[in-house]
Amino acid sequence: MPTVLVVEDSTTDRRVVGFLLKRAGGWEIEYATHGQEALEKVQQSAFDLMLTDLIMPAMDGLELVSAVRERCPRVPVILMTSRGNEGIAMLALRAGAVSYIPKRLLPRQLVETVARVMTLVARPRAHAPESGSMREFKCSFVLKNDVGMIRSAIAYVQENVLLAGLCDEAECTRVGVALDEALVNALVHGNLEMGPTPGIESDKDYAAMFSHRTKVPPYADRRIHFSASVTPDQGVFTVCDEGLGFDPSGLPNPDDLSPLEKGCGRGVVLMRMFMTEVAFENNGRQVTLVKRRGVA
């Protein structure tokens, strides 16, 4: 069973996170009260994922992310952010964290985010050719409005990113997260024309709408077009939906930290953070993501 390490100095927040994860089931949960304790644990035992607060004694979340990225790069780290810590969170994402959840949105986003990242962790296939042996890889998908199909396509692309040696496993996970955000946005906001996720009291209605629209025209007839071109030096990924489009000028400025607290606009933040270039075209229906070797 996958094991999650929760790093949090607040007893109350620790209990909340533990309760939410245990209620969802499927994970073993362990705890640390600060970064130094967490680093010692992750070096001694195998963890599949780490959830960490940012402001803690002994070693804060930013220092912890940097240390884990250096010493235990296979362990993805998700940040739990509080209002006022957006600047530190941005630095931690640049240092190697794979995602974030505002603490006030833990009841809505924690389980989904943990499960989502778990499916995107990049691992080399057993008995695959060595990393860097592939010189060029190209593929093109036409995907139905199905999250499972999206994740399978991403896993296939990640496998070939590793074979090309474009980046290491830790960075390939971040590439997978960026692609997942782009593809899920194309599905939900593009093809299904669904707006931002509502408050927790409306989550069931939102899920019902999602399920309904994947079955009825015109939404169900639309497709997601996903292509990838990867060499050892660069990956170019294009995602295009068949929805009505939107005005990309309304997207948050790259220096705007407000999405880190609001919980909306996270996809664009993570795409820009983990890719070298992100460009929206065709009235927002197409996004091109570029990842260059050795460039954040």
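Predicted model: local features only at pLDDT ≥ 70, side-chain atom pairs only at ≥ 80, totals over all residues.
**View 1. Helix 4 crossing helix 10.** Here you can see helix 4, residues 86–95, together with helix 10, residues 266–274. Their axes come within 9 Å and cross at roughly 45 degrees, so the two helices are oblique to each other. The crossing of this pair is right-handed.

**View 2. The side of helix 4 and helix 10 where they touch.** On helix 4, look for M90, L93 and R94. Their counterparts on helix 10 are L270, M273 and F274.

**View 3. Helix 6 alongside helix 7.** Helix 6 covers residues 147–164, and helix 7 covers residues 169–191. The axes of this pair come within 10 Å and cross at roughly 150 degrees. Angles over 145 degrees count as roughly antiparallel, which is why helix 6 and helix 7 are described that way. For this pair too, the crossing is right-handed.

**View 4. Residues in the contact between helix 6 and helix 7.** To find your way along helix 6, pick out V147, I150, R151, I154, V157, Q158, V161 and L162. These residues meet E169, C172, T173, G176, L179, D180, L183, V184 and L187 of helix 7. Taken together, the contact residues of helix 6 and helix 7 divide into eleven nonpolar, three polar and three charged.

Methods: Residues numbered from 1 in each chain as written. Heavy atoms only, no water. Axes fitted to C-alpha atoms, helices over the stretch in contact; angles between N-to-C directions. Helix = DSSP H or I, 4+ residues; strand = E, 2+ residues; numbered from the N terminus. Parallel < 35°, antiparallel > 145°, perpendicular 65-115°, else oblique. Left-handed = near helix turned anticlockwise from the far one by under 90°. Contact = heavy atoms within 4.5 Å. Nonpolar A, V, L, I, M, F, W, Y, C, P; charged D, E, K, R; others polar.
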